[in-house]
Amino acid sequence: MPDPPTALTTQISGKNVFISWVAPATGGAPIYLYIITIRNKEGMFITDSVYCAVATTYCLVPITTLIAAPYNLYWGDAVFATVAARNARGTSAVSL
């Protein structure tokens, strides 16, 4: 199983939220997916929100996605996210 990704950051980049992280140790199998979860207005993390390609250690999430259901964030709200890595041995714990 991979280690959790580290150094997660979020920042506004034009009409997107740029979410980036440092790739973790793989635990002996290549990582094939990163799973991003984003906290909605009620404080709950949506677990099936965004999937990112393995070739990157970042995702661009359109702000239009975050102001719509199920997130319902307002322009200017802070964006809180976590990221987990998945490989053939399992899914890591989420970043903190």
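## Ground rules

The model is predicted, so local features need pLDDT of at least 70 and side-chain atom pairs count only at pLDDT 80 or more, while totals for chains, interfaces and linings use all residues. Residues are numbered from 1 along each chain as its sequence is written, and side-chain values use heavy atoms, with hydrogens and water left out.

## The nonpolar core

Let's begin with the core. A nonpolar core is a set of buried Ala, Val, Leu, Ile, Met, Phe, Trp, Tyr and Cys residues joined through side-chain atoms within 4.5 Å. Buried means under 20% relative accessible area, exposed means over 50%, and partly exposed is in between, with a 1.4 Å probe and protein chains only. The largest such core has 19 residues, and Ile19, Trp21, Ile36, Ile38 and Leu66 touch the most other members. Two or more residues each come from strand S2 (16–22), strand S3 (31–39), strand S5 (58–62), helix H1 (63–66) and strand S6 (81–87). The most come from S3, which gives four residues. In soluble globular proteins, nonpolar side chains tend to be buried together.

Ile36 sits in strand S3 and is buried, with a relative accessible area of 0%. From Ile36 to Ala68 the separation is 32 residues in sequence and 17 Å in space, C-alpha to C-alpha.

## Aromatic and charged neighbours

Rings of Phe, Tyr and Trp (its six-membered ring) pair if their centres lie within 6.5 Å; planes under 30 degrees apart count as stacked, over 60 as edge-to-face and the rest as tilted. The whole structure holds two aromatic pairs. In one of them, Trp21 and Tyr34 have ring centres 5.0 Å apart and planes at 55°, so the pair is tilted. This pair links distant parts of the chain, with Trp21 in strand S2 and Tyr34 in strand S3, 13 residues apart. Trp21 is buried at a relative accessible area of 4%, and Tyr34 is buried as well, at 3%.

A charge sits over a ring if NZ of Lys or CZ of Arg is within 6 Å of the ring centre and within 35 degrees of the ring normal. Arg39 meets this description over the face of Phe80, at 3.9 Å from the ring centre.

## Strands S1 and S2

Two strands pair if DSSP finds at least two bridges between them. S1 and S2 pair in the antiparallel sense over six bridges, and Ser13 has Asn16 in S2 as its bridge partner. The hairpin has two residues between the strands, and Gly14 in this hairpin takes a positive phi near 70°.

Leu8 belongs to strand S1 (residues 6–13). Contact means heavy atoms within 4.5 Å. Beyond its neighbours within four places in sequence, Leu8 is in contact with Ile19, Ser20, Trp21, Ala81, Thr82, Val83 and Ser95.

Thr82, in strand S6, counts as buried at 11% relative accessibility. A polar contact of 2.2 Å joins its side chain to that of Thr37. Not counting residues up to four places away in sequence, Thr82 touches several others, including Leu8, Ile35, Phe45 and Val94.

Asn40 lies in the loop between S3 and strand S4 (45–52) and counts as buried at 7% relative accessibility. Its side chain reaches the backbone nitrogen of Glu42 at 3.0 Å. Leaving aside neighbours within four places in sequence, Asn40 is in contact with Ile46, Pro70, Tyr71 and Leu73.

Most residues other than glycine have a negative phi, and most peptide bonds are trans. Ala69 and Pro70 are joined by a cis peptide bond, with omega about 10°, and Pro70 lies in the loop between H1 and S6.

Asn72 lies in the loop between H1 and S6 and has a positive phi of about 55° although it is not a glycine; at 32% relative accessibility, Asn72 counts as partly exposed. Ala7, in strand S1, is not a glycine and has a positive phi of about 55°. Ala7 counts as exposed, at 52% relative accessibility.

Notes: A polar contact is a pair of N or O atoms within 3.5 Å; within protein, one must be able to donate a hydrogen and the other to accept it, and residues adjacent in sequence count only if both atoms are side-chain atoms.
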